[in-house]
Amino acid sequence: MRSALPPPKSATDLLMERADTAGRKGEADSQPTLREIFATKATDAAALGFMLAQIDISRGPVLWISDRVSRKEAGVICMAGLPHGIDILRVDVSKPVDVLWAMEQGLGCPTLGAVVAEVWGDPPALDFTASKRLALRAEAHAVPAWLIRRAAHPNLSAARARWHVSSMASLPNPDDLHALGQPLWHANLFRSRWGTPGDWVARSENGRLRLDHRVEGQQTHLSDQAAHHA
Amino acid sequence: MRGEDKLPVLPFPPQPATRDTQPKQAAPTGPAADPQTKDPRPQQTADLLTHAIAALQHAMAPPAVDLSVTDLPAPDAVPEEAFTPVGEPRWRMGSAKIPSNTHSPSGSASTDAGSDAPAPNPKDPLARRITALHFPRFSMNRWQWHMDRMGHAPPPEVPVALAVEGPHGPVIHATNRAADQMGIQIGARVVDMRALVPDLRVEFADTGGDRAALHRLMLWVRRWCPWSATDGPAGLVMDTTGSDHLWGGEAAMLREIEGKLSTLGLETDLACAPTHGAAWALSRFGGVREVCTPDELCAKTAPLPVRALRLHGDAALLLKRLGLKTIGALADVPRLSLARRFQKAELTHNPLLRLDQLMGRLAEPLQSPDDPPEFSVQSSLAEPVMDPEPHLPDMAQELCAGLHAAGLGARRVTLTVYRTDGEVDRIGVATSQASRDAAHILRLFEGKLERLNPGFGFDLITLEASVVEHVEVIQTRIEGGSDEGTELARLIDRLSAKFGADSIRRPAPRDSHIPERREGWQVAMAQGTDTLPTHAQPRPLRLLQPPEDIRVLYAVPEGPPAQFMWRRQTHKVVRFEGPERIAPEWWADRPGTRLRDYYRIEDQHGQRYWLFREGVVGDGRGGAPRWCMQGLFA
């Protein structure tokens, strides 16, 4: 006997939930929805680290979809470097349209822990309607969706939170002055549906994301970084 | 000859009394027969003579049987034969016997004989017709067939051998004709045979595949008769009782079987006989496409070696030491002494039981496995349709109901549409988990039906579950909620149906130190569990495949370059960690492969990379070491 899944949420349910969470600030409310991360440089894996720090790997397997150019330019995911215990289902497609199709299919499957999609550039298929579709589907089935954008412009999109993420010089290593320490990322939330935009220094702490406004021993100031991006 | 004489030899079996012709034939040679007792030399010649006569009788035996029946009445029976109807031939064999009967309708003598002879009794142990098929080079034929299809089959004069792992290294499992002629022996060690034939090509045999192929072939030969079974590692046995006339007699049927199997690339020895044992023996040790009637059973099997009795090697060796080399010699030994000698031997070691099976005195029924169930639904339409889609839901429901009743689920479903002009189109979908959910199966066909070219329309649609598996129905949670895996399996099915099964993969790490070699991925459709060993050293999130060359601008003697250029960008190394030395895997790499020194670096923008230097200066494996970029850290 197979038991039935809980029915997907209707539009009314979603609106009611949204009314409940409307008062909260920041990105602390981590309800599953569509989020977009723009990597400031294509060869910067900070966006992935920032995203992986927010994925709950105990929820279920992660559907990881990437298009051909992303794999060519930014490499393929390396299992040895991912957090231990993560279950990856890797989907290699060639076109961004196929990425969106696979993503939509994956978002209909509530047993997935997350859906991660890598899209290169600004494909015409990824417009406001497509992103709205993905966002609603992610919320209806309660599956977190992440869009990793490389070499892309932040055009019109219905993603509930949109980030710019870049690498920062790592923290000093207490054992070796010349060695790398804990990685830090500069995270800039430039559009948020429910929270307030802002700049943070992000890092991964015990598998969770930690956002700070200032970090001791950090030479580069946030405003410098912001100027660098602008 | 002398060596064999030392072994205990049973006395030459006395000739049976029924052979009346012997004294007549022996009489002309008689002058030496009388003084046997006085002179030893004549005795020897007489012994030789009896041997020769016995051999002659063996050779003459089948016609002798006919002679006894037909010769005597022949001169005077001809006028009487015209009055009586033709008796039903007891054995169909497509040989000269039936035409002779039809040409000359049987006379009173033969009708008498026919009426005296009992009607074919279904319980008669010799009333069956068993056909044995033996594939002397089954593995090799399959390998050659495979290589032919891949397009690089070796020419027939190249000696090829297939090997399997033995206790002391690989041993020869199968050979081709060229290797046979050069003296390659099956069962010998590959190293020994390489010494004999240095240019012997050795490949590994696919014994599991051979077994599966033989099983499929066993089902395939049921086109000639309803019962078939596998018989040893390279043999089949079929019960062709009553089915040979569909093919124009037994000889024609055997020719047809051999021809059809040769189109599959298989060399075949076959024989048809009343018992399994006889068919087995004649197919392996008899003539080409031998057909043996019950009357000829003794005569045809007598000259075969005792190995033809399906005996274990030890038992055959024992019989050889006893001087019993042929089945005829064994049959002539008194039954009592054989029974006493092999009282406790089991069937494969017991020549008496095997002989009884061959002669039909011991029943040996053919155990034919059932056909695997087939799940197929078809709808033949009164009028041609352009779009098969509206018919699919009902068919899928019916198919799934059938699967449900059998407790099975489909792994592969094929939709076949037959166009009115005779064209046939097929669409196949696969599932990663056995499924009998009609809606899910229908969904996999979405987007594929548009590719069908309807032409003037389809008039027949079939939906077939070509690969089925057992479905384990387990309730995982008592309060409800989804079954783990089902939803995911369906997602994998949908993605695989759209992008191809190769695009959806799961990690399957391999045991290797080389980073890119460790990253193995397997198709998600193939179910398999794996464990990921953890790494002590930090590893990047992304791997560039293949590693990209970087141009070093400022090299330093120790450590990574101070400044380098990658993808037209200049990077300054601010901080670094390393080196981590990863040596080449000598068991997998080519001899000149250089080691790698990995560095984890951070550049002036805070980005973290994984570089390596291939080789060290002066390692004697090439010029200046090469620097490569391989990974990106978060």
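Which residue takes a positive phi in the hairpin of β9(A) and β10(A)? In this predicted model, Asn206(A) does, with phi near 55 degrees. The model is a predicted one, in which local features need pLDDT of at least 70, side-chain atom pairs count only at pLDDT 80 or more, and totals for chains, interfaces and linings use all residues. Residues are numbered from 1 along each chain as its sequence is written, while chains are lettered from A and ligands numbered from 1 in the order in which they are written.

The hairpin has two residues between its strands. Five bridges join β9 (residues 198–205) to β10 (residues 208–212) of chain A, and the two strands run antiparallel. Val201(A) stands opposite Asp212(A) of β10(A). Strands pair if DSSP finds at least two bridges between them. Helices (H or I, at least four residues) and strands (E, at least two) are DSSP runs, numbered from the N terminus.

Chain A holds six helices and ten strands. Of its 230 residues, 44% are buried. A residue is buried if 20 or more other C-beta atoms lie within 10 Å of its own, exposed if 12 or fewer, and partly exposed in between, with C-beta atoms placed from the backbone. Among contacts in chain A between residues at least 6 apart in sequence, 75% join residues at least 24 apart. Two residues are in contact if their C-beta atoms, placed from the backbone, lie within 7 Å.

The interface between the chains comes next. Here 43 residues of chain A are in contact with 49 residues of chain B. On the chain A side, the elements that give two or more residues are α2 (46–52), β3 (76–77), β4 (88–92), α4 (96–107) and β7 (161–168). β4(A) gives the most, with five residues. This side of chain A divides into 26 nonpolar, twelve polar and five charged residues. Ala, Val, Leu, Ile, Met, Phe, Trp, Tyr, Cys and Pro count as nonpolar, Asp, Glu, Lys and Arg as charged, and the others, Gly among them, as polar.

Strand pairing also crosses between the chains. Two bridges join β3(A) to β15 (residues 542–549) of chain B, and these strands run antiparallel. Val76(A) has Leu543(B) as its bridge partner in β15(B).

The bond from Gln545(B) to Pro546(B) is cis, with omega near -5 degrees. Pro546(B) is found in β15(B). Gly578(B) and Pro579(B) are also joined by a cis peptide bond, with omega about 0 degrees. Pro579(B) lies in β18 (residues 569–582) of chain B. Most residues other than glycine have a negative phi, and most peptide bonds are trans. Arg568(B) has a positive phi near 65 degrees and is placed in the loop between β17 (563–566) and β18 of chain B. With 6 C-beta neighbours inside 10 Å, Arg568(B) counts as exposed. Arg289(B) has a positive phi near 50 degrees. The loop between α12 (276–285) and β8 (290–291) of chain B holds Arg289(B). Arg289(B) counts as buried because 20 C-beta neighbours lie inside 10 Å.

The nonpolar cores were examined next. A nonpolar core is a set of buried Ala, Val, Leu, Ile, Met, Phe, Trp, Tyr and Cys residues joined through C-beta atoms within 7 Å. Of the 83 residues in the largest core, Ile37(A), Ile65(A), Met103(A), Val115(A), Val116(A), Ala145(A) and Ile148(A) touch the most other members. This core draws at least three residues from each of domain 4 (375–499) and domain 5 (542–633) of chain B. Domain bounds come from an automatic or database domain assignment. Leaving aside neighbours within four places in sequence, Val115(A) is in contact with Leu63(A), Met103(A), Gly106(A), Leu107(A), Val143(A) and Ala145(A). A second, separate core has 43 residues, including Leu254(B), Leu270(B), Leu297(B) and Ala316(B).

Ala316(B) belongs to helix α14 (residues 313–321) of chain B, where Ala315(B), Ala316(B) and Leu319(B) are buried. Seen down the axis of α14(B), the buried residues fall within an arc of 100 degrees, so they line one face of the helix. The arc is that of the directions from the helix axis to the C-beta atoms. Gly313(B), Asp314(B) and Arg321(B) are exposed on the other side of α14(B). The buried residues of α14(B) pack against α15 (327–332) and α17 (351–359) of chain B. After α14(B) comes Gly323(B), with a positive phi near 85 degrees.
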